[in-house]
Amino acid sequence: MPKSASLIGIKSVYCYTIQEAAEATGVADRTIRAWIKAGLPSMTKERPTLLRGDALIAFIKAQRKARKRKIGQDEFYCLKCRAARKPAGRMVECETNGVRVRLIAICDTCETIMHKPVAIAEIQKLAEVFDLAIRDRSEPMKPLAAKQPL
């Protein structure tokens with residue numbers, strides 16, 4: 001089963017049993033029961049327990065919004081630390097590939113490599129904040145020359 005619930009299979013005007021809601025979202029029915037305990041509105045006075053589709057959609061969207069982390073322009077999100085971190089020594093490599101730009105830095109705390117996509121228009125502002133090294137990847141890679149026999 002996927003790690004996050006899918007909103008695609010949920011109809012907002014439909015009522016679901018716990019098992020139907022689990023199938024529609026792609027999560028286990030234990031997860032749906034845990035969501036009910038966490039505050040998902042449900043109709044529990046009658047059996048089977050029913051969940052409204054619009055309430056299910058709103059609950060999943062609220063969960064996703066709560067998980068989002070805001071980071072500053074001069075910060076990266078470190079996956080190992082699970083927090084916003086500044087790059088070590090304020091050194092950042094800017095890798096461009098045509099229209100895409102990606103910043104690469106090392107976490108100041110755990111020394112893990114961090115990545116951050118940015119818009120091309122932000123490069124000038126970021127150059128004032130970081131010690132920026134720009135590398136262009138838009139040129140095709142050249143094949144290595146074969147070794148000549150001795």
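Tutor: Start with the surface: accessible areas come from the Shrake-Rupley method with a 1.4 Å probe, and for residues only the protein chains shown count as cover. Here the protein exposes about 11,200 Å², and carbon and sulfur atoms supply 55% of that area. This is a predicted model, in which local features need pLDDT of at least 70 and side-chain atom pairs count only at pLDDT 80 or more, while totals for chains, interfaces and linings use all residues. Residues are numbered from 1 along each chain as its sequence is written, and side-chain values use heavy atoms, with hydrogens and water left out.

Student: What share of the residues in the protein is buried?

Tutor: Buried means under 20% relative accessible area, exposed means over 50%, and partly exposed is in between (1.4 Å probe, protein chains only). Of the 150 residues in the protein, 28% are buried.

Student: How many helices and strands does the protein have?

Tutor: Helices (H or I, at least four residues) and strands (E, at least two) are DSSP runs, numbered from the N terminus. There are 4 helices and 8 strands, and from the N terminus on they run β-α-α-β-α-β-β-β-β-β-α-β.

Student: At what angle do the axes of α1 and α2 cross?

Tutor: Axes are lines fitted to C-alpha atoms, for helices over the stretch in contact, and angles run from 0 to 180 degrees between N-to-C directions. The axes of α1 (residues 18–25) and α2 (residues 29–38) cross at roughly 110° and come within 8 Å. That makes α1 roughly perpendicular to α2 (the class for 65 to 115 degrees).

Student: Which residues of α1 and α2 meet?

Tutor: A contact means heavy atoms within 4.5 Å. On the α1 side are I18, Q19, A21, A22 and T25, and they meet D29, I32, R33 and I36 in α2. These residues divide into 5 nonpolar, 2 polar and 2 charged. In that scheme Ala, Val, Leu, Ile, Met, Phe, Trp, Tyr, Cys and Pro count as nonpolar, Asp, Glu, Lys and Arg as charged, and the others, Gly among them, as polar.

Student: In what order do the strands of the open sheet lie?

Tutor: Strands of a sheet pair through backbone hydrogen bonds, either parallel or antiparallel. Two strands pair if DSSP finds at least two bridges between them. The open sheet has 4 strands in the order β7-β6-β5-β8, with mixed pairing. Its edge strands are β7 and β8 (131–136), each pairing on one side only. β6 (residues 100–107) and β7 pair in the antiparallel sense over 6 bridges; in β7, M114 is the bridge partner of A105 and I113 that of I106.

Student: Where does the backbone show a cis peptide bond or a positive phi?

Tutor: Most residues other than glycine have a negative phi, and most peptide bonds are trans. The peptide bond from R47 to P48 is cis, with omega near -5°, and P48 lies in the loop between α2 and β2 (50–52). R82 has a positive phi near 60°; R82 sits in the loop between β3 (76–78) and β4 (83–85) and counts as exposed at 62% relative accessibility. R90, in strand β5 (residues 87–97), has a positive phi of about 55° and is partly exposed, with a relative accessible area of 31%.

Note on methods: Angles under 35 degrees count as roughly parallel, over 145 as roughly antiparallel, 65 to 115 as roughly perpendicular and the rest as oblique.
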